[in-house]
Amino acid sequence: MFESMQAPLFFGLIAAFVTTVGLIAVAMRGDWSARFSAVMGLAAAGMLVTLSLLHIAPEAFAESSRAPYFMLGGFLGGLVLHYGLNTFFPESAGGGRMAAVTPIIAIAIHSFIDGVIYSVTFAASFSAGVYAALSLILHEFPEGVIAFAILRRHNFSNRQSFFWAFLAASATTPLGVVMSSPFMYFLGPEAVWALFAASAGLLLYVATGPLMAPLKDEPPVRS
């Protein structure tokens, strides 16, 4: 089993490294990031919409007939989670930090499922695994930037933002490889792609909901 896990874990660690590079790049400009966190949040929303509609959703739809239903379920799940958190943890009680929970959970779930996809595609064939891994790695750099921007916007310090963004966007990918490898033959590729579609729906909710909040505070042209 360890030998079958080597290739997906290797690419999962590369993905985590690329995400961390994005985090380091934005964390080095911590004060600037805090000052322009609202604009960065809106940029993150634009990137997530693009990632969800042009990358994740089409691939999931091509691989799973149940993908549209799971995508809708992911969107509605994000809606329920966000409003549930706001109900039990009002923003005034936590300094606005609870508003970051739904987006960060969405990114963590998506990143974890990336790791699962590495395991499943490499189980199918080495060439399929490499193709899928290279495609997924392309979006890892902005994923780290997005997670950091969300946390900075919601009153997390530079160090806290780096730590939580690293856990959510970087560490979860190799974790997904390690945890899914023993079960990948039982899960099946269609189930994984359906979950991938659910992560697209969740990210789409985050992009069009919580991350769009700064629209009312920023000048229209810039926002």
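Where is Asn155 found? In this predicted model, Asn155 is found in the loop between α7 and α8. Residues are numbered from 1 along each chain as its sequence is written, and side-chain values use heavy atoms, with hydrogens and water left out. Because the model is predicted, local features need pLDDT of at least 70 and side-chain atom pairs count only at pLDDT 80 or more, whereas totals for chains, interfaces and linings use all residues.

The chain has ten helices and zero strands, where helices (H or I, at least four residues) and strands (E, at least two) are DSSP runs numbered from the N terminus. Read from the N terminus on, the elements run α-α-α-α-α-α-α-α-α-α. Of the 223 residues in the chain, 50% are buried; buried means under 20% relative accessible area, exposed over 50%, and partly exposed in between (1.4 Å probe, protein chains only). Among contacts (heavy atoms within 4.5 Å) with a separation of 6 or more, 85% join residues 24 or more positions apart. The accessible surface of the chain comes to about 10600 Å², and 72% of this surface belongs to carbon and sulfur atoms. Accessible areas come from the Shrake-Rupley method with a 1.4 Å probe, and for residues only the protein chains shown count as cover.

Helix α7 comprises residues 140-153. At 1.5 Å a residue, its 14 residues should span 20 Å, and the end C-alpha atoms are 20 Å apart, which agrees; the expected span is 1.5 Å times one less than the number of residues. Eleven of the 14 residues of α7 are buried, so the helix is largely enclosed by the rest of the structure. The buried residues include Val145, Ile146, Ala149 and Ile150, as well as the charged residues Glu140, Glu143 and Arg152.

The axes of α7 and helix α8 (residues 158-180) come within 8 Å and cross at roughly 145°. Axes are lines fitted to C-alpha atoms, for helices over the stretch in contact, and angles run from 0 to 180 degrees between N-to-C directions. The crossing is right-handed, a term used if the near helix is turned clockwise from the far one by less than a right angle, and left-handed if anticlockwise. On the α7 side, the contact is made by Glu140, Glu143, Gly144, Ala147, Phe148, Leu151 and Arg152. On the α8 side, the residues are Asn158, Ser161, Phe162, Trp164, Ala165, Ala169 and Thr173. By class, the contact has seven nonpolar, four polar and three charged residues. Ala, Val, Leu, Ile, Met, Phe, Trp, Tyr, Cys and Pro count as nonpolar, Asp, Glu, Lys and Arg as charged, and the others, Gly among them, as polar.

Asn155, which follows α7, has a positive phi of about 70° although it is not a glycine. With a relative accessible area of 49%, Asn155 is partly exposed.

Ser52, in helix α3 (residues 37-63), is buried, with a relative accessible area of 0%. Ser199, in helix α10 (residues 189-208), is buried as well, at 1%. Not counting residues up to four places away in sequence, Ser52 touches Ala57, Pro58, Ala200, Leu203 and Leu204, while Ser199 touches Ile56, His110 and Ile113.

Gly73 lies in helix α4 (residues 67-88) and counts as partly exposed, at 40% relative accessibility. Gly73 and Leu195 are 122 residues apart in sequence and 9.9 Å apart in space, C-alpha to C-alpha.
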